[in-house]
Amino acid sequence: MPCIPIHKADIDRSKLTERLERYLQSRESRQPPKIAVFGDYCLDKYLYHYPNLDEKSVETGLIARQIRATRLSAGVGGTIANNLCALGAQTFCFGAIGEDGEGFDLLRSLKKMGANVEGMSILPETLTGTYMKPMRPDRLDISPLSNRAASNWTEENRFDIRNPTPASDAALAPLKQSFLAKLDDLDAAIITDQFQMGSEVVFSPQLRAFLSQVAQSRPNLFVFCDSRFFVDSYVDIFVKCNANEALDAYDAAHNGKERLETTVKSDSELDLDRILRAGEWLVKKNKRSALITLGSKGSLLFELHPKENLQVKEIPSIPVTPPIDVCGAGDATNAAFTFARTIGFSLEESAFLAGVASSITIKRIGETGVASLEEILDVLRNQ
């Protein structure tokens, strides 16, 4: 038996479907939720390499790989923003970019999806976070003039551009001020804190304390945080992480272990008792409920009630048949959970709908997909 009791989530899928249908029918006559995405942003830059065009450099004698197509999209906070826009939210972006070409392309991508970028700060001494992803085809004879869909493309070793040092407090002051000025107009805010120590742009212990103070000062604003390395640093904020991130944070706090960027374990290796202990510690430390995702096994909602009464609820997953691509699944979860909360769904209902959204996006192979409300409804109707 688990060390902490687990309860099945009380989710009536028929009623959930009916409520979502009613919301869609009335959407044109109501104001869309206003949701901010604060924190880390990057540019995803796909580079399509055509091996049959490779050239030998006259200067170095090395092979010069030939790129004949690119694809750009906003990643990290940009993926959350894209999902929010697809769900119908009015989306406001707050982050920092450099005064460089990557920053220009990132802003253009955010604007194209319909997000408001007035809260994005441009810092001249900062590098815009960029993931450069070389893509190689399975056919060596493919031509740049042919349809890219005529070949399967595999992502090769990535080149990451990350800022070498965090921005100064003085440089971030305008970002904080613009965020504070917008708060009274928001229904919710999502914090995305994803870069490890040493490659941050905006985040620091001081900024995390500032965001906790913001949440404490506005108890009626739903503040949601997804943090890869610092999930235990957010007081009075609902946090979400995967099981491995929760265990890393717990081990760092209790056993002095280093926080790892990736601790990949399969679903079958998940240690439920350890996850439950980590979740209990997390919600009592942060003073708010939390969601820990378990991959194909769904998620655990640690619901903290008055007087620190904790109840753990098992949120079922939506079965998905391979092939799948989990890139962006967490960001889809963040967006759908927060959106559902802003339109009146409970924590456990929001967690379930977030899982539905994630099940849709992981079927978008080779792209960071999004899920619309109509697509979520289709899944609910067919379950």
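Author: The model is a predicted one.

Reader: Why is E2 called largely enclosed?

Author: A residue is buried when its relative accessible area is under 20%. Six of the six residues of E2 are buried, and E2 is therefore largely enclosed by the rest of the structure.

Reader: What is the order of the strands in the open sheet, and why are E1 and E8 said to stand at the edges?

Author: The open sheet has ten strands in the order E1-E17-E16-E15-E14-E13-E12-E2-E7-E8, and its pairing is mixed. Strand E1 (6-8) and strand E8 (116-123) each have a single partner strand, so one side of each lacks a neighbour in the sheet. From one strand to the next, the twist averages 20 degrees.

Reader: How do you know that H8 packs on the sheet?

Author: Contact requires heavy atoms within 4.5 Å. H8 touches E2, E12, strand E13 (222-227), strand E14 (238-242) and strand E15 (290-293), and its direction makes about 170 degrees with that of E13.

Reader: What makes the lining of the largest cavity nonpolar by class?

Author: The lining consists of Leu20, Leu87, Ala336, Phe339, Ala340, Ile343, Leu353, Leu373 and Ile376. Ala, Leu, Ile and Phe are among the residue types that count as nonpolar, so the tally is nine nonpolar, no polar and no charged residues. The space in this cavity is about 50 Å³, and the count of cavities of 30 Å³ or more comes to four. Helix H8 (329-342) and helix H10 (373-382) each supply at least two residues of the lining; H8 gives the most, with three.

Reader: Why does Asp236 count as buried, whereas Lys287 counts as partly exposed?

Author: The cut-offs are under 20% for buried and over 50% for exposed, with partly exposed in between. Asp236 has 18% relative accessibility and is therefore buried; Lys287 has 48% and is therefore partly exposed. Asp236 is in the loop between E13 and E14, and Lys287 is in the loop between helix H7 (272-286) and E15.

Reader: What makes the backbone of these two residues, and the bond from Pro322 to Pro323, worth noting?

Author: Most residues other than glycine have a negative phi, and most peptide bonds are trans. Phi is positive in Asp236, near 60 degrees, and in Lys287, near 65 degrees. The peptide bond from Pro322 to Pro323 is cis, with omega near 5 degrees.

Reader: Why is Thr361 called buried?

Author: Thr361 has 1% relative accessibility and therefore counts as buried, the cut-off being under 20%. Thr361 is found in helix H9 (residues 347-361). Its contacts, not counting residues up to four places away in sequence, are Asn83, Asp325, Ala329, Ala332, Gly369, Val370 and Ala371.

Technical notes:
Residues numbered from 1 in each chain as written. Predicted model: local features only at pLDDT ≥ 70, side-chain atom pairs only at ≥ 80, totals over all residues. Heavy atoms only, no water. Helix = DSSP H or I, 4+ residues; strand = E, 2+ residues; numbered from the N terminus. Buried < 20%, exposed > 50% of the residue type's maximum accessible area, 1.4 Å probe, protein only. 1 Å grid on protein atoms, 1.4 Å probe; cavity = no way out; pocket = protein on both sides within 12 Å on 5 of 7 lines; lining within 4 Å. Points joined across faces, edges and corners; volume = space filled by probe spheres on them. Pairing = 2+ DSSP bridges. Axes fitted to C-alpha atoms, helices over the stretch in contact; angles between N-to-C directions.
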